Amino acid sequence: MDTAPGGAVLFGHAEHAAGPDDRFAGATDDELTGLICGLDRAEAAACALKHAAVAELIRRNPEDGCVPEGPAQMPGTYDEFTEAELAAALAETRQAAGGILGLAHDLETKLPGTRAAFRSGVLRLSKVEIIARAVANLDPEEARAAEALVLDRAGRLTPSGLRSAIATAVIQIAPDKARKRREEAARNARVQRWLEDSGNAALMGRELPPADVLAADQRINWWATELKKAGLDGDMDQLRALAYMDIMLGRDSSLATRPESPAGAGATGGGPDSPGREASDDPRDDGSGDGGPCDGGPCDGGPGDGGSGPPDPYGSRTPAAPGVIPAGFIGCINLTVTLATLLGLADRPGELSGLGPVDPALARDLARAAALNPRTTYCVTVTDEQGHAIGHGCARPEPKNRTGKRATGHDPPAGHDPPGGHDPPGGPGAGPGPGFTFTAAGDDGPPGGYGAWRLCTGLPGRPVPLIALDPIALDTCDHRFEARGHDPGVKLRHLAQIRHATCTGPTCRRPSRQCDFEHNIPYEAGGRTCLCNTGPKCRYEHRLKQDPRWKVEQITPGTLRWTAPSGRQYTTEPTRYPI
């Protein structure tokens, strides 16, 4: 049942195992889970066959003048009333019928690999639709190249994981088309409202500039923190929703909890738009951080956290580059961009924590805008050929008493050569704004690491920080960052969050900054507080791991194997960064 392709034979076996009462008498827990997985594949295969039949309907109803083309012998499009026929047959809307027809056409002409995985049951409909939507603006050759980059693991990825992976693949294959799609879709920017099933209402913005969304999110976090300090009840989700409405309506919900000021006392304060109001805590400390390096670890308390607390996010921030980045944007989100892209030497995908993959043009724009603010901090991560983090360093001011490089040199960890050795290409970034350079500092850096480097933004008067690249344990561990007690050091926690940017649960994608730092073998039972025995787990997965019916093994420092009560095993790997 675990390996058979979806289809009538598999469904027949499942029917037989179900018995006359559908109670699956005699099946063990492991076998029952296998039957569920088999029926999922059978369901997907049946849905794939339905789309194959729809494709044949298209072939039999071509638009006038459209002749069969390509290996699939499909017309370019179908007769306009085919949509109405299918809608009537399925009791669907014409829009929904058009979606079925469009997907069937794309599977035949653009996505043969996805079609095969759909037909065998490896991919269910929801995942097939994610791939098809992502490649909508690609030609057939480009679409096939993009699907080839994800199909080997698409069946194992969660929908959000697949969405991120295929978006990255599309940007990698056709970066210019990805940028053009983003720019054209911005013309369809809109705000939608609707009634929730509960009777409450919803309000949502669509096709908004990513930088605007990030700046707005920072502002909502800041005001939600203010409401929390004012004593309003509710968790951060509820307070963020209240802050959102306060900002939209220009009101101050915290007034409901404050005593009235005496007449003529000259009280300042005010609502979220009041320029005189100051926050006393960083909005990133509300537990809704995005998991990036500047959300915790070495960046806490440094130049990127604003000291004792920032004012209103719109009060004193550097003006943005015209037409690209909104006022109020600063680098307190985690933007991951390949060094070659940052330097203008390549066009590879970037990634924004909490949003997902971004095209290289937007990644460079965001990096340049963030560089304009002196509070922005930088980290550099070295990856292997699969995108796994094998080295990492955070920018620090160069010591004033620095006299020269260390006397002894060290080789990088066995099996992981630093990309390009100690002389990577460096040059000004393309286009307006700061021009980044990344050059060797003439120092071997940490023992067993990847050297020391200087990252220059190209902005006059700005210090050029030093970045020493420490190794990150993936396959073996030398325990260099092991803490003596239960609690991790700042660097240990940060490196663990870089290695796994999200929770290490089998399907969880909660940012590691919001997770517990968890010992695989409990510290009280002799477990090390080290990269080989720790990692981020959200509170739910932490509790799951502690359930005696579950077993979690850290089989290598970077790989965990979860064994369910049924005996089935699931493996999680380190985060794959854009490469």
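This is a predicted model: local features need pLDDT of at least 70, side-chain atom pairs count only at pLDDT 80 or more; totals for chains, interfaces and linings use all residues.
Residues are numbered from 1 along each chain as its sequence is written, and side-chain values use heavy atoms, with hydrogens and water left out. Local features need pLDDT of at least 70, and side-chain atom pairs count only at pLDDT 80 or more, whereas totals for chains, interfaces and linings use all residues.

Helices (H or I, at least four residues) and strands (E, at least two) are DSSP runs, numbered from the N terminus. Strand S1 spans residues 190-195 and strand S2 residues 201-206. The two pair in the antiparallel sense over six bridges; pairing requires at least two DSSP bridges. Arg193 has Leu203 of S2 as its bridge partner. Five residues lie between the strands of this hairpin, and Gly199 takes a positive phi near 105°.

Points were joined across faces, edges and corners, and volume is the space filled by probe spheres set on them. The whole structure holds four cavities of 30 Å³ or more. Helices H2 (29-60), H4 (94-109) and H5 (112-120) each supply at least two lining residues. H2 gives the largest share, four residues. By class, the lining has six nonpolar, one polar and three charged residues (nonpolar: Ala, Val, Leu, Ile, Met, Phe, Trp, Tyr, Cys and Pro; charged: Asp, Glu, Lys and Arg; polar: the others, Gly among them).

Methods: On a 1 Å grid over the protein atoms alone, a cavity is a set of points where a 1.4 Å probe fits but cannot get out, and a pocket is an open set with protein on both sides within 12 Å along at least five of seven lines; lining residues have an atom within 4 Å of a point.
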